[in-house]
Amino acid sequence: MSLFGIIASIIDGLLVGSVYGLAAMGLTLIWGVMDVVNLTHGSMIVAGMFALYLLTTALGISPYATLVPVLVGGFFVGLALYWIAVHRVIGRPPLMSLLSTFSVNLVLLGLGTALWGTVLFNVPVSLPSITWQRYTFPGTHILAAVLTAVIAACLYLFLYRTRLGKAIRAVAGNRQAAELVGIPTTKVLALAFGLGVALAGVSGMLIATLFPFTLLSGDAYQLKSFIVIVLGGLGNPTGALLGGIALGLLEGLVTPFIPVSWTLVIEFALFVVVLVAFPGGVFTGKRA
Amino acid sequence: MKRIDLLVAAIAMLAAPAAFAADDTITIGMTQSQTGSLNVDSVAQYRGFEIWRDEVNGAGGIAAGGKHYKVKFVSYDDQSQGGRVQQLYTRLIIQDKSDFLFSPYSSGLTATAAVISEQYGKIMIITGGAEEKTYTLGNKYLFQVITPAGHYLSGALEALHSKNPKARVAFVYSDDPFSKAVVSAARDQAKEAGFDVVLDESYAPSTTDFGPVVNKIISARADALFGGGHYPDSATLARQVYDQKANLKWESLLVAPGDAKFASLGKAALGVSTGSQWELPVKFTPQFGPTGTEFAKKFEAKYHIAADYHSASGYAGAMILQHAIEQAGSVDPEKVAAALNKTDATIFFGHIKFATDPGDHGMQIAHQMVVAQWVEDNGTLSRQVVWPRDAASAPLLYPIPSH
């Protein structure tokens, strides 16, 4: 492959990797705040995809106009999920929250299969693209990366510049201490879960502007999210974004030189190495 | 009432039901992927079986040896997983006492089911497993109705050769048994035809982003792309090839373009072709059973969607089994197998004949695929047969626009 091809591959990897990072931010936020591995994460990504499809076909609106409704809707879905599947298992052994969210995931997949099957859905999105040499960067990829950066910046400002954000960080740091200073921790946990699901949903919405999807598409992104949060540090949303970009960079850098079928092998090998050498994540600087 | 009258009435009551009921029932066992990644095409295949069963039972059953046999299905969800297929086909045979079997959908699941069916000596009609290897391991009771994998892209390669004999060809395909079998044969055929194979890459079936591999296609300056895999990955590859303007003149992908929903890709679908086991415009004169038009009409009336080749292959396979039972005059497996081995018939689906040598027993040796391509007419996308020329319902679109 020519140098231009390699550069094009890296750029495209960075663009798509940022969306992987957004998808992982929701998962890591929930994990960091309440020690819950949310196995409905993949389903929530797919829910965002379906929300995009249904809103654009039913209302005929621009795909990007669905961003705010998906974010808000995802938040309320997350609140509901918290009370149904998570609230009573917080503080219990981790396996309980794992099984609880896994069960909800199976219910959602079963319902989805019964209603829609695993047929393909596609939302055609036409934006101007940038062509350089013979390589094209679709406008959808560029806009998805820009919107990811905006959402990540808003999340950062929320967590570090608002009282509610500080409350979430306080509960994540020490729930008992937060209770003692008067923070209503149960409400904060529910809000954090809602926020995590909203992020998953909006990442699904953006992914659906890039690729077609089926009901089962969430599994692959959930798997990538786990790799990303290990790279970025558990409970670190900024680290997750950087981890996603790093993963995209890896995919873009490696695939010009090796068969693409090896990409997953390399990603999971990296997963194991990082877990061993940097258990706190590469971007937190905590070594083994 | 006199005693004799009561006796006659009793005898009449006992005899009457037998005069209207089938003599017996045959049980056909199968799994379908009601959940999992193979759901769409598996359900389509099952619908073909189902519509046949309802027709046969509505007509009083299969006539064989002076008796009539109603058809009963026993079906389970294999969840698109080989492990479940293994358990369920064993259950279908031992617990459910299936007389005959239909295959699951996909080469991988069929290969697993075939091990079980052969172990118990049960005839299995295969309508969803194209990979040839299954038939080369020594079997007596497998019967493949569809064209084997090695021929899936033959027509598309011939069509390309007719337009550009020196084309630069890229093979990008899913790392699964079916796709690898298809491309393995297609690669040899491409080299024999004089094409320059400039890229040959497989990808993990779970791949979500084909951006890097599309950049490789662009870097290789390929004129034509062959490959894909099953449903979601072929569709995603098609979309990304379009979005990234890979400048292809020909694009032939497996499975997904054969589905009506492929049109939802819009402009990305235009010009994409696929090898198809059956398309409505291709008219065979059947020696028995319905014509293609008749089959398509009753399918659409029942399910309110157009029949695709998966449904057609399901119906065709079931018809062939029925025909064999009728010819054998029995439901005895050895007699039915002998009748299947002698089958050499044309039905709405095409010409059906099975290999009988032990080295490839049951492989389909007569049925041929066509090339279907998405073309535009007055702004509407439709799938038309473009190759072979004498079966074409529309001219071949080459070069394909804006790819």
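A residue counts as buried if 20 or more other C-beta atoms lie within 10 Å of its own, as exposed if 12 or fewer do, and as partly exposed in between, with C-beta atoms placed from the backbone. Helices (H or I, at least four residues) and strands (E, at least two) are DSSP runs numbered from the N terminus. This is a predicted model, in which local features need pLDDT of at least 70, side-chain atom pairs count only at pLDDT 80 or more, and totals for chains, interfaces and linings use all residues. Residues are numbered from 1 along each chain as its sequence is written, and chains are lettered from A and ligands numbered from 1 in the order in which they are written.

**Exercise 1. State which residues of helix 3 of chain A are buried, and what covers them.**

Step 1. Helix 3 of chain A spans residues 67–86. Its buried residues are L67(A), V70(A), G74(A), F75(A), V77(A), G78(A), L81(A), Y82(A), A85(A) and V86(A).

Step 2. The cover over these buried residues includes helix 2 (41–59), helix 4 (94–116), helix 5 (139–161) and helix 8 (185–210) of chain A.

**Exercise 2. Describe how helix 3 and helix 8 of chain A cross.**

Step 1. Two packed helices are described by the angle between their axes and the distance between the axes. Axes are lines fitted to C-alpha atoms, for helices over the stretch in contact, and angles run from 0 to 180 degrees between N-to-C directions.

Step 2. The axes of helix 3 and helix 8 of chain A come within 6 Å and cross at roughly 135°. Angles under 35 degrees count as roughly parallel, over 145 as roughly antiparallel, 65 to 115 as roughly perpendicular and the rest as oblique. Helix 3 and helix 8 of chain A are therefore oblique to each other.

Step 3. The crossing of helix 3 and helix 8 of chain A is right-handed. A crossing is right-handed if the near helix is turned clockwise from the far one by less than a right angle, and left-handed if anticlockwise.

Step 4. By class, the contact of helix 3 with helix 8 of chain A holds 19 nonpolar, six polar and no charged residues. Here Ala, Val, Leu, Ile, Met, Phe, Trp, Tyr, Cys and Pro count as nonpolar, Asp, Glu, Lys and Arg as charged, and the others, Gly among them, as polar.

**Exercise 3. Describe how helix 9 and helix 10 of chain A pack.**

Step 1. Helix 9 (residues 218–232) and helix 10 (residues 237–254) of chain A pack at an angle of about 115°, with their axes 7 Å apart. Helix 9 and helix 10 of chain A are therefore roughly perpendicular to each other, and their crossing is right-handed.

Step 2. From helix 9 of chain A, the residues that take part include K224(A), I227(A) and L231(A); from helix 10 of chain A they include G239(A), A240(A) and L247(A). Two residues are in contact if their C-beta atoms, placed from the backbone, lie within 7 Å.

Step 3. This contact of helix 9 with helix 10 of chain A has eight nonpolar, four polar and one charged residues.

**Exercise 4. Describe the side of chain B that touches chain A.**

Step 1. The contact takes 32 residues from chain B and 35 residues from chain A.

Step 2. Helix 2 (39–58), strand 8 (196–203), helix 7 (211–219) and helix 8 (231–243) of chain B each supply at least two residues of this side of chain B. Helix 7 of chain B has the largest share, seven residues.

Step 3. The residues on this side of chain B divide into eleven nonpolar, 13 polar and eight charged.

**Exercise 5. Locate the backbone exceptions in chain B listed below.**

Step 1. Most residues other than glycine have a negative phi, and most peptide bonds are trans.

Step 2. The peptide bond from W387(B) to P388(B) is cis, with omega near 0°. Another cis peptide bond joins Y398(B) and P399(B), with omega about -5°. P388(B) is found in the segment after strand 15 (380–387) of chain B, and P399(B) also lies in the segment after strand 15 of chain B.

Step 3. S80(B), a residue other than glycine, has a positive phi near 60°. S80(B) sits in the loop between strand 3 (67–77) and helix 3 (82–94) of chain B, and is buried because 24 other C-beta atoms lie within 10 Å.

Step 4. K97(B) has a positive phi near 55°. K97(B) lies in the loop between helix 3 and strand 4 (100–102) of chain B, and counts as exposed because it has 10 C-beta neighbours inside 10 Å.
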